[in-house]
Amino acid sequence: MKIGIIGAGNIGGNLARRLTALGHEVAIANSRGPETLAAFAAETGARAVTAEEAPQGADLVIVTIPTVRVPDLPKGLFDGVPASVPVIDTNNYYPQQRDGRIAEIEDGLPESAWTERQIGRPVVKAFNGTYAQDLIDRARPAGAPDRLALPVAGDDPAAKRIVRDLIDELGFDTVDSGPIAESWRQQPGTPVYGLREGVDGVTKALAAASPDRPADFRA
Ligand SMILES: NC(=O)c1ccc[n+]([C@@H]2O[C@H](COP(=O)([O-])OP(=O)(O)OC[C@H]3O[C@@H](n4cnc5c(N)ncnc54)[C@H](OP(=O)(O)O)[C@@H]3O)[C@@H](O)[C@H]2O)c1
C-alpha cells in the first residue's frame, strides 16, 4: 500500500519502520520539513515529504501528532483524497502534560470526534493506547499465544476493515471497539489504554470503560 504518515515521532517513526520493512511505500512528514527527515528516510526507505504532500496518492493516511497541533495542519489537507481512503488517528488528549485545555473534549466530545471536526474528515481510531516500542518488540504471527490485541473504533466498516487488516499484518489482533461516538472506551485513563492483552482481555476492558474522564486526564 501507499501510506502517508503525518508525524515522525515515537509512533509515526516506528510505524514507518515497520511498514517499510513489510514492503509498503511510506511517505512521512513532520512540522519542520522533509530536509529534517533525511537521515530517517535513508534509514527506512520512507520518502520524506511535506504534510501537504503526505495524503496525496495514498491508500491510507496516519495522523500521529500531539492533539494540540492538529488545528495547525494545513487547511484542505485531504482535498482530492478519495473518501474511501482511511485516515487513522493515533492521538491522545493530555491536557495537563502537553495539550492544554480543549473545551469541546472537556465537555465530553470524544477526542477523535474533535479531530474529525478539525481535519474535516472521518477517522479510524487506532494505536492510541499502544506503546510505540511495542510496535517493534511485540509483533507476533497470527495465532501466537502472546499476541496482543488493539482496539479499533470508526464509523466506516470498509475503512475499519482495511485498518484491521493492516494491523494484523503488523503482528497484532484487533477488537472492533464501536463507532467514533463511543471511542471514549479507548481514550487515556480507560481500562484498555496501555493494556497488553489479547482479544478477550481487550474486549472485557472495552466493556468496563466509563465515558467520564478521570481527573488525571482533565484540564
Ligand atoms: N508515544 C507513544 O508511545 C504513543 C502511543 C500511542 C499514541 N500516542 C499519541 O500519538 C501522537 C503522537 O505521539 P508521539 O509520541 O509519536 O509524538 P512525538 O514523538 O512528540 O512526535 C510528534 C510528531 O508530530 C510532528 N508534528 C507536530 N505538529 C505537526 C504538524 N502541524 N504537521 C506535521 N507534523 C507535525 C512532529 O514534528 P516536529 O518534530 O517537526 O515538530 C513530530 O514528528 C500523540 O497524540 C500521542 O498522544 C503516542
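**A parallel sheet, its core and a ligand shell**

F127 is buried, with 27 other C-beta atoms within 10 Å; a residue counts as buried when 20 or more other C-beta atoms, placed from the backbone, lie within 10 Å of its own. Although F127 is not a glycine, it has a positive phi of about 70°. F127 lies in the loop between β6 (124-125) and α6 (134-137). Helices (H or I, at least four residues) and strands (E, at least two) are DSSP runs, numbered from the N terminus.

The model described here is predicted: local features need pLDDT of at least 70, side-chain atom pairs count only at pLDDT 80 or more, and totals for chains, interfaces and linings use all residues. Residues are numbered from 1 along each chain as its sequence is written.

Six strands form an open sheet with parallel pairing, in the order β3-β2-β1-β4-β5-β6. The edge strands, β3 (47-48) and β6, each pair on one side only; strands pair if DSSP finds at least two bridges between them. Helix α1 packs on the sheet, touching β1 (2-6), β2 (25-29) and β4, where contact requires C-beta atoms, placed from the backbone, to lie within 7 Å. The direction of α1 makes about 165° with that of β2; such angles run from 0 to 180 degrees between N-to-C directions, with axes fitted to C-alpha atoms, for helices over the stretch in contact.

Strand β4 (residues 60-63) is joined by three bridges to the parallel strand β5 (residues 87-89), and V61 stands opposite V87. With β1, strand β4 pairs in the parallel sense over four bridges; here I5 stands opposite I62. L60 and I62 point one way from β4, V61 and V63 point the other way, and all are buried.

The largest nonpolar core has 55 residues, of which I5, I28, A54 and I88 touch the most other members. Such a core is a set of buried Ala, Val, Leu, Ile, Met, Phe, Trp, Tyr and Cys residues joined through C-beta atoms within 7 Å. Leaving aside residues up to four places away in sequence, A54 touches G4, I5, I6, A27, I28, A29, V49 and V61.

Finally, there is the ligand. Of the 27 residues around it, G7, G9, N10, N30 and N91 come nearest; a residue is near a molecule if its C-beta atom, placed from the backbone, lies within 6 Å of it. Helix α1 (residues 10-21) gives the most to this shell, with three residues.

Conventions: Buried ≥ 20, exposed ≤ 12 C-beta atoms within 10 Å, placed from the backbone. Contact = placed C-beta atoms within 7 Å.
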